[in-house]
Amino acid sequence: MNLRNPAMRLGLLPAGIAIALTPAFAMAQEQSADASTTTLDRIEITGSRIRSVDLETAQPVFTVSSEAIKKSGLVSVGDILQNLSISGTQNFSKAAVLTSNSEQGGQYVNLYNLGENRTLVLVNGKRWTSSINGYTDLSTIPSALIDHIEVLKDGASAIYGSDAVAGVVNIILKKNFDGAEASVLYGQNARGDGAKTQYSLTLGATGERSSLVFGASYSKEDPVWAKDRELTRNTYGSNHVSSGLSATGPWGRFVDPESGDSMVLNHTGSYDGNGVGADSRDIANYHSGVNTDDRYNSIDQMMWNQGSTNKSVFASGSYDITDNIKLSSTAMYSERESKRQIAGYPLSSDSQPNFPVYVDKDSYYNPLPGNDLSFYRRITELPRVTDSDVKNTHFDVSLEGAFDVGSHGWNWDVGFNYNKYDVTQTSTGNINLLALQKALGPSFLNSQGVVQCGTPSAPLTYGTNIGLGQCVPFNVLGGPSASTADALKYINSLGQATQRSENKIWTANITGGLFDMPLDAGEFAFAAGVEHREVSGYDYPDQASSNGFTTDLAAQPTEGRYQTNEAYLEFMIPVLKDLPFAKELSFDVAGRYSNYDRFGNTTNTKYSFTWKPFDDLLVRGTYGKGFRAPTLGDTFGGGSQTFDSYLDPCDAVYGQRSNPIVAAHCGADGLAGDFRQTDNAGVAVDGPSGTQGIAPFQSGVGNSELEPEYSRTRTVGLVYSPSYVPGLDISVDWYRISISNVITAISAGYVLDQCYTEANTAYCDQFTRNADGQVVTLNRGNTNLGKMQTEGYNIGVNYRLPEFGIGQFVINLDANYLANYRIQSDAGAAWEDYAGYWNFPRVRATLGVNWSKGDLSASWNLRYYGGFRDYCWDTDVECNDPNYLTANPGWGGGQGANKKGSISFQDVSVSWNAPWDGSVTFGVRNIWDKQPPITYSADNSSTAQIDPMLDYDRYLFMQYTQRF
């Protein structure tokens with residue numbers, strides 16, 4: 001965008017997403033300062049509360065238009081924003097099916113890879129609803145109802161308060177709409193799955209003093225199954241199939257009470273689970289030890305991308321009570337239904353350590369009568385399915401007005417904002433341990449030739465209703481071929497959990513000009529406001545699971561509330577104008593005071609400047625302090641069990657025993673030099689990613705002593721718009737975001753690494769090992785711990801070429817260079833820099849070319865992801881840099897690295913505006929069907945080790961819109 005031209009230049013993000021690289025210094029209207037008479041039309045740009053008709057700020061704001069969203073072929077706001085060069089991998093992506101949080105299935109934005117709950121999401125400038133853990137689900141906002149999206153790439157706690165650490169996403173919904181518009185979109189992967197469908201209807205009427213907009217939207221995304229692709233059907237790819245197999249297969253295994261050997265039922269078939277088991281009552285039909293064919297590829301039952309359905313209705317209206325006072329209100333209700341499926345539960349006698357269940361010595365199916373047997377068996381007949389129903393309710397109402405103070409225009413508003421986020425999760429496929437205990441208890445063959453629970457002298461009634469004292473015997477060792485429908489129904493656990501997050505916000509704001517500065521520099525303006533916010537919520541897990549009577553992760557209830565009172569003040573101070581080497585020089589100063597009833601108060605400030613030494617160049621910079629308050633989950637979380645996957649630092653092959661400090665600490669714990677971490681079948685890990693623990697750990701317990709996180713953001717940038725090349729804009733911005741007092745839900749691997757690599761004895765007290773050296777208990781919770789820092793450069797090039805006879809071309813580049821991404825686990829630990837590792841490529845960029853002529857337009861886009869270092873599979877297997885020695889003790893790769901090259905995806909789309917007021921768009925994402933690499937260091941709770949944010953298939957779509 002040319003600094004002398006108020007027109008916003010549209011560039012391109014991937015898949016035709018046109019983005020205005022208009023850092024907010026672009027004028028929204030070409031109006032003079034004399035136009036600041038009483039009006040309600042003065043503009044407020046994301047990042048500042050000061051309204052103006054002629055606003056330049058130091059803060060870069062990206063703008064994504066509704067037309068650009070249509071060209072993308074995407075139906076989720078989260079997917080759309082994922083294309084930004086500063087967006088990181090979502091922790092709760094649609095591919096993270098192994099994540100059990102209530103947020104799973106939604107869509108989120110993770111700016112600068114600093115975490116989704118460090119980006120503030122606004123809708124029409126107002127806080128949107130979030131979960132009790134502070135995550136805002138963007139899928140609750142239908143893309144069809146969006147007018148445009150503004151993305152502030154800078155912290156803004158001085159303006160908006162908590163959470164605006166990495167940046168702010170402000171979604172502006174349609175208003176002042178006349179007529180009707182209907183739209184339908186359909187897209188599908190080239191392999192025939194993952195279909196996306198969207199229907200939307202928008203109606204509106206605008207009168208002399210009022211306007212009303214109504215919208216309805218329906219969208220559906222079909223699931224993608226991991227088994228349907230070569231890329232995702234094995235955890236570690238086709239080169240290491242056996243390494244990704246689960247030790248607990250579908251065929252019964254028990255521990256011989258005399259020898260201690262694992263005895264596995266003989267069966268036909270392989271690790272795909274298809275086969276027939278031998279007679280499980282005959283001890284001769286078992287073999288010792290777990291072979292490859294006895295294991296199971298759990299991916300066969302798992303989704304790669306889960307499906308979802310979104311429905312929403314929206315209404316917005318305004319009425320000019322007078323020429324200078326307006327009443328406005330917005331209401332929205334949306335509902336997301338999503339389903340995820342993972343493999344049947346890997347059942348064992350100790351699935352719940354506090355409620356062990358054994359094959360009873362008197363069970364009819366016991367191959368060693370007279371002995372209680374400890375067993376293992378994956379119940380593949382009952383895949384675990386979770387249905388989430390997420391309901392979001394929003395309502396806001398505001399009264400706003402304008403008046404003059406002398407020659408200066410002022411604006412004011414008072415309002416109320418209400419958000420409610422309800423989640424109901426129902427699940428099947430976990431095992432009811434109370435029923436299982438009966439089903440594996442004493443049983444006998446009755447006179448009718450039917451196996452019956454109990455004993456001949458005290459039989460139990462056959463039936464599937466445990467509440468009525470009924471029972472169905474279960475042959476757990478016989479495998480799937482021995483199961484009966486009644487037995488599976490009897491032991492199947494039907495779970496239900498509910499969560500609610502509710503917030504109420506009262507606001508009052510005023511902004512206007514105070515006086516004119518000397519030297520005709522401009523108007524000294526201000527904004528001020530107060531806010532009262534009440535936040536409450538709960539998370540009630542399934543009661544039977546909470547008590548440890550099912551195989552579901554035992555979680556405890558969460559319930560809490562807090563309130564905050566806040567006030568802010570902002571000044572816009574123009575200093576110089578139209579002078580040599582100072583065509584413009586202005587400063588913006590803002591501060592916000594926040595008082596929380598849970599932890600006290602905090603004051604955050606921000607300083608910024610803009611300087612134009614001459615018309616073609618703008619220099620800008622900001623320095624700001626920010627914070628993120630602890631969420632309800634952080635503070636009041638009840639905690640839950642988790643089966644963590646981790647790599648033991650003391651493992652002799654893949655751990656860090658080559659580090660003398662680690663070796664000494666492992667030896668001090670009594671671990672031999674050849675100690676190996678094993679799975680629950682006693683088989684040593686055979687890869688650098690480790691394996692799932694053999695017992696549940698405890699995680700996520702709230703901490704009432706938590707304090708806020710604090711941040712400091714620094715930016716300096718240049719925007720050059722050469723007058724000798726009209727239409728060309730080049731921007732370069734340096735940024736550094738530092739966060740201290742980080743609220744951290746630490747991982748199992750982190751606990752072990754801190755003990756063994758950092759010699760932090762506090763962490764050594766958080767876990768225990770059994771007689772074999774395996775970790776069997778581990779506690780990990782939330783704490784204020786350590787620091788984070790990221791630094792880099794945003795680069796933007798936007799060139800709107802002169803219009804030729806063949807049409808108009810616009811070229812756009814949006815790039816990010818990551819200089820560092822550093823983490824310090826605590827005050828005494830070394831900094832670890834992850835720039836250049838998985839999820840933190842040094843370079844990420846999008847290049848787009850947009851063409852238009854008359855009613856036709858087309859776009860081509862290139863999405864580029866730079867190379868990175870991955871774990872080696874072994875020192876001489878998939879290890880092209882075996883001598884590399886990382887400076888990060890927490891990086892599980894140890895010595896050696898496998899450098900993965902860059903990958904790029906290309907997208908195209910074509911649009912036509914029909915003469916009957918209709919338009920059609922056809923497009924293809926990932927037109928060359930590029931596949932992402934297998935990445936052993938990926939930690940994303942997905943079924944396969946690939947980055948879930950990268951394309952894995954060619955996607956074709958078509959959209960038709962009709963206006964009336």
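I began with an open sheet of 4 strands, in the order β31-β34-β39-β38 and with mixed pairing. Strands here are DSSP runs of E, at least two residues long, and helices are runs of H or I of at least four, both numbered from the N terminus. I took two strands as paired if DSSP finds at least two bridges between them.

This is a predicted model, in which local features need pLDDT of at least 70 and side-chain atom pairs count only at pLDDT 80 or more, while totals for chains, interfaces and linings use all residues. Residues are numbered from 1 along each chain as its sequence is written, and side-chain values use heavy atoms, with hydrogens and water left out.

I looked up the edges of the sheet: β31 (638-642) and β38 (767-769) each have a single partner strand, so one side of each lacks a neighbour in the sheet. The twist averages 10° from one strand to the next; axes are lines fitted to C-alpha atoms, for helices over the stretch in contact, with angles from 0 to 180 degrees between N-to-C directions.

I then followed β31 to β34 (residues 697-701): the two run antiparallel and are joined by 4 bridges. Thr 642 stands opposite Phe 697 in β34.

Next I checked helix α9 (residues 748-756), which lies across β34, β38 and β39 (775-780) and runs at about 95° to β39. Contact means heavy atoms within 4.5 Å.

Last, I noted an open sheet of 3 strands, ordered β46-β48-β47, with antiparallel pairing. Its neighbouring strands are turned by 55° against each other on average, direction ignored. β47 pairs with β48 (residues 895-900) over 2 bridges, and Leu 885 stands opposite Gln 895 in β48.
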